[in-house]
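Open your viewer and get ready to select residues by number. The tour goes from the whole chain down to single side chains.

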Amino acid sequence: MSAHSLSELQAVNSFAALPAAFYTRLEPQPLNQPRLLHANAEAAALIGLDPAVLRTPEFLRVFSGAQPLPGGDTLAAVYSGHQFGVWAGQLGDGRAHLLGEIQGPAGAWELQLKGAGKTPYSRMGDGRAVLRSSVREYLASEAMHGLGIPTTRALALVASDDPVWRETVETAAIVTRMSPSFVRFGSFEHWSSRRQPDLLKTLADYVIDHYYPECRAVPAGEAPSDTAPYVRLLREVTRRTALLMADWQAVGFCHGVMNTDNMSILGLTLDYGPYGFMDGFRLGHVCNHSDSEGRYSWNRQPSVALWNLYRLGGSLHTLVQDVDALRAVLDEFEGVFTRAFHDRMGAKMGLAAWLPADEPLLDDLLKLMDANQADFTLTWRRLADAVSGNRAPFQDLFIDREAAAAWLDRLLARQAQDGRPAAEVAEAMNRVNPLYVLRNHLAEEAIRAAKAGDASEIETLMTLLRAPFTARTGYEKYASLPPDWANGIEVSCSS
């Protein structure tokens with residue numbers, strides 16, 4: 001039964017029960033004259049909240065930072081991390097306040113305000129988020145969920161006219177994020193770097209007991225060991241992270257800031273800043289204007305994820321002296337990622353099952369897309385039309401139409417080996433190749449409207465992105481090539 005008020009929600013607050021060294025208790029700094037720009041009824045259902053509550057003054061007060069979550073325990077967490085490959089030392093929730101944890105119909109969710117003011121971990125920052133970045137995060141997490149990719153969720157978007165200084169003066173906003181946990185790789189690095197194995201063990205035990213209880217089980221034939229659960233934890237985090245990378249690569253998503261403090265211990269997409277879904281494909285596409293070295297380019301994301309996992313493994317070495325056991329787990333990453341990536345890309349190409357001989361077919365398509373800067377999303381989506389006999393829309397995406405036609409002939413010959421009807425293959429392809437993704441220009445249009453107090457574009461995008469594989473009549477512009485002005489959009493770490 002849905003809760004008809006916030007006070008009826010069941011608060012559990014497991015993270016707040018950890019020792020005081022893990023966080024600082026403090027109140028948010030509320031926005032002045034806040035207004036609810038958008039609320040997400042689907043996310044509200046995850047915590048058993050009646051949609052009618054989203055329209056109440058109490059809801060706005062809580063999620064603008066003006067009053068506590070009933071039964072909550074507001075805090076900011078500490079962690080450390082590597083940023084752009086360099087040890088940054090202590091970091092933490094510099095502009096995020098964890099309001100509390102709510103037990104929903106299918107599990108517990110932590111509710112976190114992003115942009116609710118300074119914390120002890122803000123360093124030189126102001127603790128605020130601007131409307132621009134808040135709209136982008138609000139939409140992106142729901143877009144990823146619609147694609148079936150593990151992610152945090154977004155509950156509410158609150159705006160204000162409070163000024164915030166970035167490259168220019170912008171206005172403030174708060175986005176409410178939801179996740180089973182916001183623990184990061186950097187949370188483990190923090191205690192390892194400080195040589196506090198007791199607190200590192202406390203964190204590892206907390207994560208295992210709450211999110212990975214299966215790591216306590218002793219496999220048949222294996223002798224019990226005090227340290228084995230931590231090895232199993234690393235194995236499961238490695239597996240989930242590898243699968244997440246395959247998911248990102250398959251939809252042309254670039255995170256932009258894959259620092260260890262932005263990597264979820266649950267294998268979720270976490271911290272949407274300068275992300276991007278590619279338009280014209282480039283193997284080395286860099287979506288973050290601040291990433292001058294291209295460290296987090298599209299084709300490097302899997303290797304960066306493994307590098308980050310090694311940092312996590314190094315932290316767990318404080319608890320597990322058997323380096324070979326940890327290294328053996330990390331060595332599993334490549335196989336898990338490669339199998340998952342091939343499975344996803346094979347399905348995108350309409351293959352019944354991936355075969356080793358399919359590697360050149362995929363490689364040659366990616367090289368062709370790169371050379372022609374073919375639109376990533378439309379290349380895959382129009383491939384189903386080509387399989388059905390309408391080849392022109394696919395070939396029109398390539399400057400070298402003859403090369404595209406030659407590659408298509410190879411694909412059709414490969415599909416023929418599976419013996420499935422073309423209509424069945426095309427239908428299966430459209431179930432895995434999205435038509436709607438959150439392109440930068442679509443997010444920018446929603447931001448411009450939101451600045452004028454108009455949330456209609458946010459609502460339209462939420463509707464389309466919740467079902468990104470289903471074509472909708474009248475929404476053709478949302479599935480078209482980006483306009484020329486979109487080339488001028490830049491996103492950076494200030495996003």
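**Before you start.** This is a predicted model: local features need pLDDT of at least 70, side-chain atom pairs count only at pLDDT 80 or more, and totals for chains, interfaces and linings use all residues. Residues are numbered from 1 along each chain as its sequence is written, and side-chain values use heavy atoms, with hydrogens and water left out.

**Stop 1: the whole chain.** Show the cartoon. The chain has 16 helices and twelve strands. Both are DSSP runs numbered from the N terminus: helices are H or I with at least four residues, strands are E with at least two. The radius of gyration is 23 Å, close to the 23 Å that the globule rule gives for 495 residues, so the chain is as compact as a globular protein of that length. That radius is taken over C-alpha atoms, and the rule is 2.2 Å times the number of residues to the power 0.38. Along the principal axes, the C-alpha atoms fill a box of roughly 65 × 60 × 50 Å. Buried residues make up 57% of the 495. Buried means under 20% relative accessible area, exposed over 50%, and partly exposed in between (1.4 Å probe, protein chains only).

Stop 2: On a 1 Å grid over the protein atoms alone, a pocket is an open set of points with protein on both sides within 12 Å along at least five of seven lines; a cavity is a set where a 1.4 Å probe fits but cannot get out; lining residues have an atom within 4 Å of a point. UniProt positions follow the numbering used here, feature names are shortened, and annotations may be inferred rather than shown by experiment.

Zoom in on Asn 262, in the loop between β11 (253-254) and β12 (276-277). Is Asn 262 buried or exposed? Asn 262 counts as buried because its relative accessible area is 10%. The backbone oxygen of Val 257 lies 2.9 Å from a polar atom of the Asn 262 side chain.

**Stop 3: Asp 271.** Asp 271 sits in the loop between β11 and β12. Its relative accessible area is 13%, so Asp 271 is buried. Show its side-chain partners. A polar contact of 2.9 Å joins Asp 271 to the side chain of Arg 177. Another, of 2.6 Å, joins Asp 271 to the side chain of Arg 184. A polar contact is a pair of N or O atoms within 3.5 Å; within protein, one must be able to donate a hydrogen and the other to accept it, and residues adjacent in sequence count only if both atoms are side-chain atoms.

Stop 4: A UniProt "binding site" feature (unreviewed entry) includes Lys 114, Arg 177, Arg 184 and Asp 271. The lining of the largest cavity includes Arg 184. Lys 114 is in strand β7. Which side chain makes a polar contact with the side chain of Lys 114? Glu 137 does, at 2.8 Å.

**Stop 5: helix α5.** Select residues 197-211. Helix α5 has 15 residues and reaches 21 Å from first C-alpha to last, close to the 21 Å expected at 1.5 Å a residue. The expected span is 1.5 Å times one less than the number of residues. Its buried residues include Leu 199, Leu 203 and Tyr 206. The buried residues of α5 pack against β7 (107-114), α4 (185-193), α6 (228-251) and α7 (301-316).

Definitions and conventions. Contact means heavy atoms within 4.5 Å.
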